[in-house]
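Open the model in a viewer and keep the sequence panel beside it. The stops below say what to select and what is there.

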Amino acid sequence: QVQLVESGGGLVQPGGSLRLSCAASGRIASISTMAWYRRAPGKQGELVASIISGSTVYADFVKGRFTISRDNAKNTVSLQMNSLKPEDTAVYYCNAKITETLWYATSDYWGQGTQVTVSS
């Protein structure tokens, strides 16, 4: 069984910073892409940032403000969020494409989500 567990959400004032972390555990053979998505109330989910083999992709609305990074040895991915805006308020979800060791099948796994609220 594979699990993704997120941490680091919370309430922050506009212009502030937060760091989200996500740790993958369980029967993991390998992890390819790791990513962060978000879903704001009344809106569809959207990709925030992804990382694979050191290459990163960012949504236009976070370029220059958010940084995604991963530690392959620890199976973790982080999202450093700076210059936060009220429109960044959403539930943030960690996602990873993981090959598990039981059947060596590759699947998408999701964390439980962590709330980020940007408000004064």
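Which cysteines form a disulfide, and how far apart are their sulfur atoms? Select Cys22 and Cys94: they form the disulfide, with 2.1 Å between the sulfur atoms. A disulfide here is a pair of cysteine sulfur atoms within 2.5 Å. The structure holds one.

Before moving on, note that this is a predicted model, in which local features need pLDDT of at least 70 and side-chain atom pairs count only at pLDDT 80 or more, while totals for chains, interfaces and linings use all residues. Residues are numbered from 1 along each chain as its sequence is written, and side-chain values use heavy atoms, with hydrogens and water left out.

**The disulfide**

Stay on Cys22 and Cys94 and look along the S-S bond: the torsion about it is about -80°, so the disulfide is left-handed. Cys22 belongs to strand 3 (residues 18-26) and Cys94 to strand 9 (residues 90-100), so the bond ties together parts that are 72 residues apart in sequence. Strands are DSSP runs of E with at least two residues, numbered from the N terminus. Cys22 has a relative accessible area of 2% and is buried; Cys94, at 0%, is buried too. Buried means under 20% relative accessible area, exposed over 50%, and partly exposed in between (1.4 Å probe, protein chains only).

**The nonpolar core**

Next select Trp36, Leu79, Met81, Tyr92 and Ile98. Of the 31 residues in the largest nonpolar core, these touch the most other members. Such a core is a set of buried Ala, Val, Leu, Ile, Met, Phe, Trp, Tyr and Cys residues joined through side-chain atoms within 4.5 Å. Colour by strand to see where the members come from: the elements giving two or more residues include strand 1 (2-7), strand 4 (28-39), strand 5 (46-52) and strand 11 (114-118). Strand 9 gives the most, with five residues.

**Salt bridges around Asp88**

Which residues are linked in a network of salt bridges? Select Arg38, Glu46, Arg65 and Asp88, which make up that network. A salt bridge is a side-chain nitrogen of Lys or Arg within 4 Å of a carboxyl oxygen of Asp or Glu; by this rule the count comes to five.

Start with Arg38 and Asp88, whose closest N and O atoms are 2.9 Å apart. Arg38 is in strand 4 and Asp88 in the loop between strand 8 and strand 9, so this pair ties together parts that are 50 residues apart in sequence. Arg65 sits in the loop between strand 6 (55-58) and strand 7, 23 residues from Asp88. Arg65 is buried, with a relative accessible area of 11%, and Asp88 is buried at 1%. Arg38 is buried as well.

**Asp108 and Lys97**

Move to Asp108 and Lys97, a salt bridge with its closest N and O atoms 3.0 Å apart. Asp108 lies in strand 10 (residues 106-110) and Lys97 in strand 9, so the pair ties together parts that are 11 residues apart in sequence. Asp108 is partly exposed at 41% relative accessibility, and Lys97 is partly exposed at 33%.

**Glu100**

**Two serines with positive phi**

Finish in the loops. Ser53, between strand 5 and strand 6, has a phi near 50°, a positive value in a residue other than glycine. Ser53 is exposed, at 73% relative accessibility. Ser83, in the loop between strand 8 and strand 9, also has a positive phi, near 50°. Ser83 is partly exposed, with a relative accessible area of 43%. Most residues other than glycine have a negative phi.

How values were computed:
Helix = DSSP H or I, 4+ residues; strand = E, 2+ residues; numbered from the N terminus.
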